[in-house]
Amino acid sequence: MVRAAVLPAVGAPLEITDIELPEPGPGQVSVSLAAAGVCHSDLSLSDGTMRLPVPAVLGHEGAGTVLAVGEGVTHVAAGDPVVLNWAPSCGACFHCGIGEVWLCADALKGAANIHARTADGTELHPGLNVAAFAQETVVAANCVLPAPAGIPLDDAALLGCAVLTGYGAVHHSARVREGESVVVFGIGGVGLAVLQAARIAGASKIIAVDVSPEKEELARRAGATDYVVASDTTPRAVRKLTGGQGADVAVECVGRPATIRGAWESTRRGGRTTVVGIGGKDQQVTFNALEIFHWGRSLTGCVYGNSDPARDLPVLADHIRAGRFDLSMMVTGRISLDGIPAAFDHMIAGRGGRALVVF
């Protein structure tokens, strides 16, 4: 039996309880978790914004050490440090066939599987495939990647979602060019990764926007040159900071209609907005036909940073080892499993960066 954070039903409080995991079968890997990041997507699963089977063990951003492998697994072995990949590509669907592995049609197929059982026999699903809010997990072999050498394993957990998403939003989706200006809406875990990625890309001005004035110091440590406390006049403030034109690029990390619209309005004529945040299906963002024509701006969705983890992890590892990207500064709280509900409350209130469950 291992301790885990279980979501018994949508909208219900998390339960920290013992679960029973099976031994790894063919094509599976057993992992002892070192750490797991508390991501907004976990909150979105718990409140029903994102729909996956429940009851489930949540957590999808993690790293740990391989305990055992099942038949046919050859790319990792017992004792290897690994990063969990919550959205593995199948390699066979239409999107994988054209190189868009982040849009794999079967990436979340494993979430319907039975992952574990509680002490009373209740069957549990693996939230977002990997069930990282637990001392141990058993995952499909394609859900683990060798952890980059020279990076502390607890910090490496952030590579599994926040860092790949933030780095990819800048380099793959928005394709920020040297000398461009960038505005980032929402300075949580992903937003902090976006700021660092924009600095690596050579952005000339990096404007951080958040509802919390207390995040300014953290944002500037990540690379922000300017800080704006979010309000109805944020687009005007961004234009003032960019010579009256607006930013070349906006990256929205909140997922609310008002911030998506505000990010779009904060870019210059011909500017680019990348939306990383996940909103609800009943939330509408509106534009009139004339302004779409007149401003010539683009608005783009972004899934998992449009990243290929196998390709991007080595690149990120080089930046981290060279000191260009700082994982530890993104962590504003190291907690136990029992601290996850409070971490959810902090996200709702807009406080802090990334909370990290350390086992």
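Colleague: Which residues touch the most other members of the largest nonpolar core?

Modeller: They are Val29, Val38, Leu159, Leu195, Met330 and Ile340, in a core of 95 residues. This is a predicted model, in which local features need pLDDT of at least 70 and side-chain atom pairs count only at pLDDT 80 or more, while totals for chains, interfaces and linings use all residues. Residues are numbered from 1 along each chain as its sequence is written, and side-chain values use heavy atoms, with hydrogens and water left out.

Colleague: What makes a set of residues a nonpolar core?

Modeller: The term denotes buried Ala, Val, Leu, Ile, Met, Phe, Trp, Tyr and Cys residues joined through side-chain atoms within 4.5 Å. Another core, of 11 residues, lies apart from it and includes Ala4, Ile19, Ala116 and Ala131.

Colleague: How do you know what counts as a helix or a strand?

Modeller: Both are DSSP runs, numbered from the N terminus: a helix (H or I) has at least four residues and a strand (E) at least two.

Colleague: Why is Thr242 called buried?

Modeller: Buried means under 20% relative accessible area, exposed means over 50%, and partly exposed lies in between, with a 1.4 Å probe and protein chains only. Thr242 has 14% relative accessibility, and therefore counts as buried. Thr242 is placed in the loop between helix H7 (234-241) and strand E14 (247-252).

Colleague: Which residues does Thr242 touch, leaving aside those up to four places away in sequence?

Modeller: Thr242 touches Ser181, Lys205, Ile207 and Ala247; contact means heavy atoms within 4.5 Å.

Colleague: What makes strand E11 (residues 181-185) mostly covered?

Modeller: In E11, 5 of its 5 residues are buried. Ser181, Val183 and Phe185 point one way, whereas Val182 and Val184 point the other way.

Colleague: Why is a crossover called right-handed?

Modeller: With the strands pointing away from the viewer, the path from the first strand over the helix to the second runs clockwise. E11, H5 and E12 make such a right-handed β-α-β unit.
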